[in-house]
Amino acid sequence: MTPADKPTFYFIGVTTGASSIMRVFPKWAAHLRLGDVAIKGIDLKPHDTVDNYRAVTRFIKEDPLSLGALVTTHKLDLYAACADLFDEIDPHARLMAETSCLSKRDGRLICHAKDPISSGLALDGFLPAHHFAETGAELLSMGAGGSTIALTWHLAQPSRGANRPARIVVTDRTRSRLDHIRAIHESFGCDIPCDYVLADRPEVNDAQMASLKPGSLVVNATGLGKDAPGSPLTFDGAFPQDGIVWELNYRGDLVFLDQARAQQDARDLQIEDGWTYFIHGWTQVIAEVFDVAIPTSGPDFDAISDIAAEATGRVQAKS
């Protein structure tokens, strides 16, 4: 971390150099007319030390040309380590005790949680209309980190009426993460039945998936397949008939996607990867950090998505 020599936007992650954003951001910056700006990655270990999280946060706060950051993987840990360093915390970040975005205004460091917005935009973009209301389907989200917190908050909103999961199952390898998400669900008055399951081996996730009703949504929010190899499931795990499968990652070995595709025809699965989540996640943060308006749908959003696809060589087709 050296002082920036031009306006600089940071990506705080684990393997940031492998991310498509390093190729996409310069093209987005030109399209959005952000000027002569840079993006730099800061790699930290999952569940890194408090000292490292604080050093990164202080650097961004104190360096004049460091404008802000997108945070992935470290959303909960960075917030826990650095909450006292933020000059302002937005309501979502305070409720969920996490940060996915750091921005600065007039020298003040602001902590945001953008996942409730970006995950909701991505999910509602592919979920069939009135899906939960019409099917009685449930949700299994494997991994109790920031993405699952945001996703379950979005799906539990009373404004969705009957179009909410009949039951929510959250699994994680760490009891403290399960306790944390349970406390957050209680704090916002989640009235959907929820199960919090310690899954210290993939067979536990297999069993939870087998208990789901037809049409249920299964989400890999563990980071396995990107931040670490593998999948939270075994190859014997059976996806729900007519289910919807969402891999939050868009890069890596993506074993979870391979497992779903092996059952796609037999179980009539709708399979989605994390590409649109990637687009919404980044554009929501860029809009905040650079104080610009970025559309979330329509031709202008499609143009932004097409720029990213061209920069990465991605074929724009549904799974």
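Which residues in H2 meet which residues in H3? The views below come from a predicted model, and the opening view takes up this contact.

**View A. Helix H2 crosses helix H3.**
H2 covers residues 50-62 and H3 covers residues 75-82. Their axes come within 9 Å and cross at roughly 80 degrees. The two helices are therefore roughly perpendicular to each other, as angles of 65 to 115 degrees count as such. From H2, the contact takes Val 50, Tyr 53, Arg 54 and Thr 57. From H3, it takes Asp 77, Leu 78, Ala 81 and Cys 82. By class, 5 residues of this contact are nonpolar, 1 is polar and 2 are charged.

**View B. Helix H3 is mostly covered.**
Of the 8 residues in H3, 7 are buried. They are Lys 75, Leu 76, Asp 77, Leu 78, Tyr 79, Ala 81 and Cys 82. Asp 77, Leu 78, Ala 81 and Cys 82 also meet H2.

The protein is divided into domain 1 (8-112 + 276-312) and domain 2 (117-272). Taken over C-alpha atoms, their centres are separated by 25 Å. Domain 1 brings 23 residues to the contact, and domain 2 brings 23 residues.

**View D. The largest nonpolar core.**
This core has 30 residues. Leu 123, Leu 217, Val 219 and Trp 246 touch the most other members. Two or more residues come from each of helix H5 (115-126), helix H7 (146-155), strand S8 (168-172), helix H8 (175-187), S10 and S11. H7 gives the most, with 4 residues. Domain 1 and domain 2 both give residues to this core, so it lies between them. A second, separate core has 29 residues. Phe 11, Ala 29, Val 285 and Ala 309 are among them. In soluble globular proteins, nonpolar side chains tend to be buried together.

Is Ser 20 buried or exposed? Ser 20 counts as buried because its relative accessibility is 7%, and the cut-off for buried is under 20%. Not counting residues up to four places away in sequence, Ser 20 touches Tyr 250, Phe 278 and Thr 312.

**View F. Asn 205 in helix H9.**
Helix H9 spans residues 202-210 and holds Asn 205. With a relative accessible area of 5%, Asn 205 is buried. Its neighbours within four places in sequence are left aside here. Asn 205 is then in contact with Leu 140, Met 142, Thr 171, Ala 199, Pro 232 and Leu 233.

**View G. Positive phi at Ala 97 and Asp 242.**
Phi of Ala 97 is near 55 degrees, a positive value in a residue other than glycine. Ala 97 sits in the loop between helix H4 (91-96) and strand S5 (101-105). Asp 242 also has a positive phi, near 60 degrees, and is likewise a residue other than glycine. Its place is the loop between strand S10 (217-220) and strand S11 (244-247). Asp 242 is partly exposed, with a relative accessible area of 38%.

Notes:
Residues numbered from 1 in each chain as written. Predicted model: local features only at pLDDT ≥ 70, side-chain atom pairs only at ≥ 80, totals over all residues. Heavy atoms only, no water. Buried < 20%, exposed > 50% of the residue type's maximum accessible area, 1.4 Å probe, protein only. Axes fitted to C-alpha atoms, helices over the stretch in contact; angles between N-to-C directions. Parallel < 35°, antiparallel > 145°, perpendicular 65-115°, else oblique. Contact = heavy atoms within 4.5 Å. Nonpolar A, V, L, I, M, F, W, Y, C, P; charged D, E, K, R; others polar. Core = buried A, V, L, I, M, F, W, Y, C linked by side-chain atoms within 4.5 Å. Domains from an automatic or database assignment.
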